[in-house]
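Me: I've got a model open and want to go through a few features. Can you help me with it?

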Amino acid sequence: MKLRQVPAREGVQWARMGLRMVMAKPLSFMGLFGVVLLGMLVVQILGWIGSLLLWACLPLITLGFMIATRQVVQGSTPSFQVFAAPLRVDRGRTRAMWQLGALYALAMLLVIVVHGWIDDGRMAALQVAATSGKSSPEAIGQLVADPRLQGGLLWFAAAASLLSVPFWHAPALVHWGGHTVAKALFSSTVACWRNKGAFVLYALTGVGAVTAFALVSSLLFALLGAPNLAAVVMMPAVLFFTVVFYASLYFTYAGCFEQAPTPDPATPQETAP
């Protein structure tokens, strides 16, 4: 496994390749994402325990989409088995995947606890005010301008972003590289740092695409005399762009790491990137 350093413009290519993969196999990727959404709805019934389970499964979910993208690159059609494939390998890699999930869940729990301490219920109050229909715009504006609400949002955004760095490539490094948990987290952090220019453009490309779509759709429906339809269209559009994001994760990994051709631990007929 050799760490690569790519030019910043490579980040745009990662996003474009994710879109290309989804357009090549739209039903497959939408189906995979549908399974994830269904699982999210189910675990919500369990309350905070469900949230922990969801966070623990997130490394497995991201790796599943990486495997699916790689299968499309190699000319095959991915199935729902991509989420189970990382657990059908040798015991060491399977144990490392569960350890990654447990670490991520504990880290996210800490982020949420600190957010709750900073926010002190402001976000819940804002949600009630916004959905009840009984609060005036001035009252909602005061809640939005509350320093504790803004501080909590800033903490959550910063902490979640920093937490994603060591876990970004870690599942793939465990699955395809056979790394230990500690080595995978360290290598992922180094790879993201050395290719920070590419990741910045990668993020800006995604945000820019969503923003451009929102502006164009709002303008189009305004011209058609139905501005309210823009919000209706944005919901499936956001889901689509989310699927593109997950489909592009494999290219961020393949772009940052160069691996000698070896049999895939889950599907021996494939070769590593």
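Me: Which residues line the largest cavity?
Reply: This is a predicted model. In it, the largest cavity is lined by A56, C57, L60, L87, M97 and W98.

Me: Which elements give two or more residues to that lining?
Reply: Those are α3 (48–73) and α4 (91–119). The largest share, three residues, comes from α3.

Me: What volume does the largest cavity have?
Reply: About 30 Å³. A search of the whole structure finds one cavity of 30 Å³ or more.

Me: Switching to helices. At what angle do α10 and α11 cross?
Reply: Roughly 160°, and the axes of α10 (residues 196–223) and α11 (residues 229–256) come within 10 Å. The angle is over 145 degrees, so α10 is roughly antiparallel to α11.

Me: Left-handed or right-handed crossing?
Reply: α10 passes α11 in a right-handed crossing.

Me: And which residues make the contact?
Reply: From α10, F199, Y202, A209, V210, F213, A214, S217, S218 and F221. From α11, the contact residues are L229, A230, V233, M234, A237, F241, F245, S248, L249, T252 and C256.

Me: How many of the residues in that contact are nonpolar, polar or charged?
Reply: The contact of α10 with α11 has 16 nonpolar residues, four polar and no charged.

Note on methods:
Residues numbered from 1 in each chain as written. Predicted model: local features only at pLDDT ≥ 70, side-chain atom pairs only at ≥ 80, totals over all residues. Heavy atoms only, no water. 1 Å grid on protein atoms, 1.4 Å probe; cavity = no way out; pocket = protein on both sides within 12 Å on 5 of 7 lines; lining within 4 Å. Points joined across faces, edges and corners; volume = space filled by probe spheres on them. Helix = DSSP H or I, 4+ residues; strand = E, 2+ residues; numbered from the N terminus. Axes fitted to C-alpha atoms, helices over the stretch in contact; angles between N-to-C directions. Parallel < 35°, antiparallel > 145°, perpendicular 65-115°, else oblique. Left-handed = near helix turned anticlockwise from the far one by under 90°. Contact = heavy atoms within 4.5 Å. Nonpolar A, V, L, I, M, F, W, Y, C, P; charged D, E, K, R; others polar.
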